[in-house]
Amino acid sequence: MRRYFRMELKRAFLNKRMILVLLILVGLSVCHYMEHIFPNREYIMGMGDGYGYLSSFNGWIGGEWGSLEATWLYLLIPLFCALPYGASWAYDCKSGIGAQAMIRGEKAAFLWTKIAVSFLSGAAIVMFALWFDFLLTSSTYPAITPKVGMGLSFVNARNLLNGLFYEHPLVYISIYIGINGLYFGLLNTLSLVSRFFTKNNYIAILTPFLYYMVFHCAGTTSGHMEWAASGFLSPAQRYETTWFILIFQILLMLVISGLSTRRFIREEEGLL
């Protein structure tokens, strides 16, 4: 299993698609910085409490949801996560790599390794994007702790971990970026579900995005915005949600990925 793990890590992280995705995310952060952060640099020196909104905790792409860049990031991030490695399962089925693993009696190790690497690649991409933007914003904005009742932050009293945000904002951001890594890592493993009905590489990449959009569309059309992960996963929490909904969606993805992998282990068609 260790040999497969090293091989799949190289396939996931050392490829042109991964470089392309990281460059796109860096470009998105730079656009956000140049449009919303850099023009305000002249107000930083000598600012008083009245400029508390010019804080890295409020200004970075995860600290607000009013910019186009923040909207695009949380709309398309499942595609960015799936692009480098999401189609590898379908490719292995068509190329014969999966069949070789099955013949050697290493089918279970091979499949669980692919699940683990798919999770790691998705989590690494979203966490890189968020940390890069926060550090870029922090290069210009000071790390001023947000103040309750000032109306300068998007996080309010009905949001998750709101008290932590106003007491220890860096801890809050670290935890929320970790939640993003967990959610989008599990979401990225859903590319295996496409193997139930197709070997098409493009559908494999689109499957996590389509699953993501099911909750988004259901929430926005029904008025229950708390189910739309595209809103509540942002550290600014555009949509208010509950711990039950967050944990339910995470467990649902975990169950889907786990049951799908167990089925593929039992049946030959999982790799053929």
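Author: Start with Glu8 and Arg11, which form a salt bridge with their closest N and O atoms 3.1 Å apart. Keep in mind that this is a predicted model.

Reader: Why is the contact between Glu8 and Arg11 called a salt bridge?

Author: The rule asks for a Lys or Arg side-chain nitrogen within 4 Å of an Asp or Glu carboxyl oxygen. Here the closest N and O atoms are 3.1 Å apart, so the pair qualifies.

Reader: Where do Glu8 and Arg11 sit along the helix?

Author: Both are in helix H1, residues 2-13. They are three residues apart, which means a separation of about one helical turn.

Reader: Is Glu8 buried or exposed, and how do you know?

Author: Its relative accessible area is 0%. Buried means under 20%, so Glu8 is buried.

Reader: What makes Arg11 partly exposed?

Author: Arg11 has a relative accessible area of 23%.

Reader: Which residue does Glu8 bridge to with closest N and O atoms 3.0 Å apart?

Author: That residue is Lys114. Glu8 lies in helix H1 and Lys114 in helix H7 (residues 107-138), so the pair ties together parts that are 106 residues apart in sequence. Like Glu8, Lys114 is buried.

Reader: What links Glu8, Arg11 and Lys114?

Author: A network of salt bridges links these residues.

Reader: How many salt bridges are found in the whole structure?

Author: The search finds three. One of them joins the side chains of Arg158 and Glu240, at 2.9 Å from N to O. This pair links distant parts of the chain, 82 residues apart. Arg158 is in the loop between H7 and helix H8 (162-167). Glu240 is in the loop between helix H11 (229-232) and helix H12 (243-266).

Reader: Why does Arg158 count as exposed?

Author: The cut-off for exposed is over 50%, and Arg158 has 59% relative accessibility, so Arg158 passes. Glu240 has a relative accessible area of 33%, so Glu240 is partly exposed.

Reader: Now the rings. How many aromatic pairs are there?

Author: The count comes to 16 aromatic pairs. Take Tyr74 and Phe184, with ring centres 6.4 Å apart and planes at 50°.

Reader: Why is the pair of Tyr74 and Phe184 called tilted?

Author: Ring centres must lie within 6.5 Å, and 6.4 Å meets that limit. Stacked needs planes under 30 degrees apart and edge-to-face needs over 60, so 50° is tilted. Tyr74 lies in helix H4 (residues 68-82) and Phe184 in helix H9 (residues 169-188), so the pair ties together parts 110 residues apart in sequence. Both Tyr74 and Phe184 are buried.

Reader: Which residues do ring pairs link into a cluster?

Author: The cluster holds Tyr211, Phe215, Trp227, Phe244 and Phe248.

Reader: Which residues form a nonpolar patch on the surface?

Author: Trp243, Ile247, Leu251 and Leu254 form the patch, with about 380 Å² of accessible area together. Leu254 lies in helix H12.

Reader: Last, which residues is Phe5 in contact with, leaving aside its neighbours within four places in sequence?

Author: Phe5 touches Thr113, Ala116, Val117 and Leu120. Phe5 itself is found in helix H1.

Note on methods. Residues numbered from 1 in each chain as written. Predicted model: local features only at pLDDT ≥ 70, side-chain atom pairs only at ≥ 80, totals over all residues. Heavy atoms only, no water. Helix = DSSP H or I, 4+ residues; strand = E, 2+ residues; numbered from the N terminus. Buried < 20%, exposed > 50% of the residue type's maximum accessible area, 1.4 Å probe, protein only. Phe/Tyr/Trp six-rings, centres within 6.5 Å; stacked < 30°, edge-to-face > 60°. Patch = residues over 30% accessible without salt bridge, like charges linked within 9 Å, V, L, I, M, F, W, Y side chains within 5 Å. Areas by Shrake-Rupley, 256 points an atom, 1.4 Å probe, with all protein chains shown as cover. Contact = heavy atoms within 4.5 Å.
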